[in-house]
Amino acid sequence: MGFNCGVIGLPNVGKSTIFNALSSAGAQMANYPFCTIEPNRGIVPVPDKRLQEIGKILGKNDPIPTKIEFIDVAGLVRGASKGEGLGNTFLGHIRQVDAIIHVVRCFSDENIIHVTGNVDPLRDIEIINTELILSDMEVLERADEKMQKQTRSGIKEASHRISVIERMLSHLNEGKLLKNLSLEEEEKKIAAEFGLITNKPVLYCANIAENEMPDDHLNKIREFADSDHSRFIYICGKLEEEISELPGDEKREYLEAMGLKESGLDRLIAIGYELLDLISFYSAATDLQAWTVRRGTSAPRAAGKIHTDFERGFIRAEIMSWEDLLKYGSEHGVRDHGLLRSEGKDYIIEDGDIVRFLFNV
Ligand code: GDP
């Protein structure tokens, strides 16, 4: 599986509610090929308005969207880094995700216990972030010890690694997340070896009540997210869960009646996609299908997403942009305007490219 986002947060903040909404949105996609959903892992189609528009022009019904995976990582509590509440197991799961969706409770409901007593999003964020920081420190301290032994046995490269590790440790010691430490490219490679949690991109997701807009809390989280170079979104998890269970048409009608263009869930998925620095390209040789690559991927690597033979035997790619297709109304129209391009192996795929790969194996 490709790219995934882990949903984390204190207990009773609405993680499972949001995760269930995501999973049931995924399970409802009839033409969706890989819908196996495990209890805490859900593969979710990425909403993409371009797909329908391209499909209409090319006469392709039921286009296949691309997907990302969400993982519900329950069980983070204060003291997790010291093993509280199966802490280390859960931290181990977070270590494996590509990006983090940190759910913060902004709804008050006296029937649902708040683990820290009352609604206070910044305090809750700090509790979780402290556990993540402590967990990364433990990993780095162990690595530091190992490297110290290696320098003593005369391994030269170890001393450079120690200097990078120690810079990271002193940054964490100040209570800061590693993703905000500026590192050289080559230092980033060293950091990447350790699966550090606080190095991952983060989206703070405020879970609000149906009937109340807690502006004060939301502003504080938004400001915090900005200062932390993270993303911010608010949604009502409970409402999203209800909407996600409606059949397609009813869902659209419901959103229209509420004056909304898209559900909060759709925005959440879209931001998750951006967080991972992902882009979509399309193939239309048989079905119209969207594919995901990281920004900066070359044409042959992108071809390999569809079939390994396409990458192995890559000759060139014929490419038009989705905007040109919409503008000129057909592939002929795009070709007549000289905008159907032929690109070689150094071409970097752009978001919205419609691609036909030519290959020979
Ligand atoms: P988790 O422990 O973070 O996974 O939390 P859950 O998703 O299990 O939610 C805990 C409880 O809070 C459940 O009873 C949910 O129905 C409830 N809940 C979730 N979101 C909301 C909300 O927006 N408003 C209210 N009143 N309850 C919610």
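Modeller: A polar side-chain atom of Thr17 comes to 2.6 Å from an oxygen atom of the ligand, a polar contact being a pair of N or O atoms within 3.5 Å; within protein, one must be able to donate a hydrogen and the other to accept it, and residues adjacent in sequence count only if both atoms are side-chain atoms. For Lys15, the distance from a polar side-chain atom to a ligand oxygen is 2.8 Å. An N or O atom in the side chain of Ser16 is likewise 2.8 Å from an oxygen atom of the ligand. On its own the ligand has 580 Å² of accessible area, of which the protein covers 77% (Shrake-Rupley method, 1.4 Å probe; for residues, only the protein chains shown count as cover).

This is a predicted model, in which local features need pLDDT of at least 70 and side-chain atom pairs count only at pLDDT 80 or more, while totals for chains, interfaces and linings use all residues. Residues are numbered from 1 along each chain as its sequence is written, and side-chain values use heavy atoms, with hydrogens and water left out.

The ligand is surrounded by 14 residues, and Asn12, Lys15, Ser16, Thr17 and Asp109 are the closest (near means a heavy atom within 4 Å). Helix H1, residues 15-27, gives the most to this shell, with three residues (helices are DSSP runs of H or I, at least four residues, and strands runs of E, at least two, numbered from the N terminus). By class, the shell has six nonpolar, five polar and three charged residues (Ala, Val, Leu, Ile, Met, Phe, Trp, Tyr, Cys and Pro count as nonpolar, Asp, Glu, Lys and Arg as charged, and the others, Gly among them, as polar).

Turning to the other spaces, the second largest pocket has a volume of about 480 Å³. A pocket is an open set of points on a 1 Å grid over the protein atoms alone, with protein on both sides within 12 Å along at least five of seven lines, and lining residues have an atom within 4 Å of a point; points are joined across faces, edges and corners, and a volume is the space filled by probe spheres set on them. Its lining has 18 residues, with Lys188, Ala192, Asn199, Lys200 and Pro201 the closest to the centre. Helix H6 (residues 185-192) supplies the largest share of that lining, three residues. The lining divides into 10 nonpolar, two polar and six charged residues.

For the chain as a whole, the secondary structure comes to 14 helices and 11 strands. The C-alpha trace spans about 65 × 60 × 35 Å along its principal axes.

How values were computed:
On a 1 Å grid over the protein atoms alone, a cavity is a set of points where a 1.4 Å probe fits but cannot get out, and a pocket is an open set with protein on both sides within 12 Å along at least five of seven lines; lining residues have an atom within 4 Å of a point.
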